[in-house]
Amino acid sequence: MPVLRRSRRLLAATLLFAFLPLTACSAGGSADGGPGGSGGDRDRASAGASAARSRAGHAAPPAAPAEIPGLGPATRAAVPDDSRQAVVVQGHGRDVNTGTVTLYERRPGTGWTAVTEPWPVHNGVRGWTDHHVQGDLRSPIGVFGLTDAGGLLPDPGAKLPYDQDTGFTATGSGSLGEPLEGSFDYVVAINYNRVPGTTPLDWTRPLGEERGGGIWIHVDHDGPTQGCVSLTRAHMRELLRWLDPAHRPVVVMGDVRSLGR
């Protein structure tokens, strides 16, 4: 019987020794994972940090400054780099005399931003042309400076030089028989075939008389023009108060297809 008891004690000790490694591997100690954690937690934390570094190293570059919608590379290139205001006139078609105008500002970092909704406009009776000549009843396509204003009525608060003069009296009727009276109450001269820095009433034509001139933005008379661009009276007043010579304003004008070149 004593022999039997020793055998049982030996068997129990053997079994206990066999289970000890299994108990140690499953304990919440720091053999693999450090204090208070397992090796799996450490691996997941390391992978998360690596992913964060990867995302930081491949962050998206800053967005490019916005361009004026609808303008192609040739038209964009014609806008001076120092211009920060643009009056964009988009005709509905090459041979169409209606369209829209939208005012844009170029802001540091973000680029061109529309500051108005599109406004309705009229242009030349026969639409648009790349080579305007006297009497063709088309508006010239291109990018032109805006440096001078005036009108029959007193200055509404323009920043551009403003010439109030009775020479802006409009008479007669338009192509639809509509009266022209009041059309030149407010005008902004478009620097097509004219000398910048002079009153809109200056009829000097650097390209020659045959190339036409007197192309203005003026008050709409409910019909197409002989080559000018016309806005409602309220929009003309707003335009005059917005244009700022310090921002080198330009007008970008033409039919949609031509502006997209």
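Which residues touch the most other members of the largest nonpolar core? The views below include the answer. The model is predicted, and local features need pLDDT of at least 70, side-chain atom pairs count only at pLDDT 80 or more, and totals for chains, interfaces and linings use all residues. Residues are numbered from 1 along each chain as its sequence is written, and side-chain values use heavy atoms, with hydrogens and water left out.

**View 1. Strands E1 and E2 run antiparallel.** Strands are DSSP runs of E, at least two residues, numbered from the N terminus; two strands pair if DSSP finds at least two bridges between them. E1 (residues 85-91) and E2 (residues 98-107) are joined by seven bridges. A hairpin of six residues links E1 to E2. Ala86 stands opposite Tyr104 in E2.

**View 2. E2 also pairs with E3 (residues 111-114).** This antiparallel pairing has four bridges, and Glu105 has Thr113 in E3 as its bridge partner. Three residues lie between E2 and E3 in their hairpin, where Gly109 in the turn has a positive phi of about 85°.

**View 3. The largest nonpolar core has 30 residues.** Such a core is a set of buried Ala, Val, Leu, Ile, Met, Phe, Trp, Tyr and Cys residues joined through side-chain atoms within 4.5 Å, where buried means under 20% relative accessible area (1.4 Å probe, protein chains only). Val87, Val89, Val188, Ile190, Ile217 and Leu239 touch the most other members. The largest share, four residues, comes from H4.

**View 4. Leu239 touches Val87, Leu103, Val188, Ile217 and Leu231.** This list leaves out residues up to four places away in sequence; contact means heavy atoms within 4.5 Å.

Terms used:
Buried means under 20% relative accessible area, exposed over 50%, partly exposed in between (1.4 Å probe, protein chains only).
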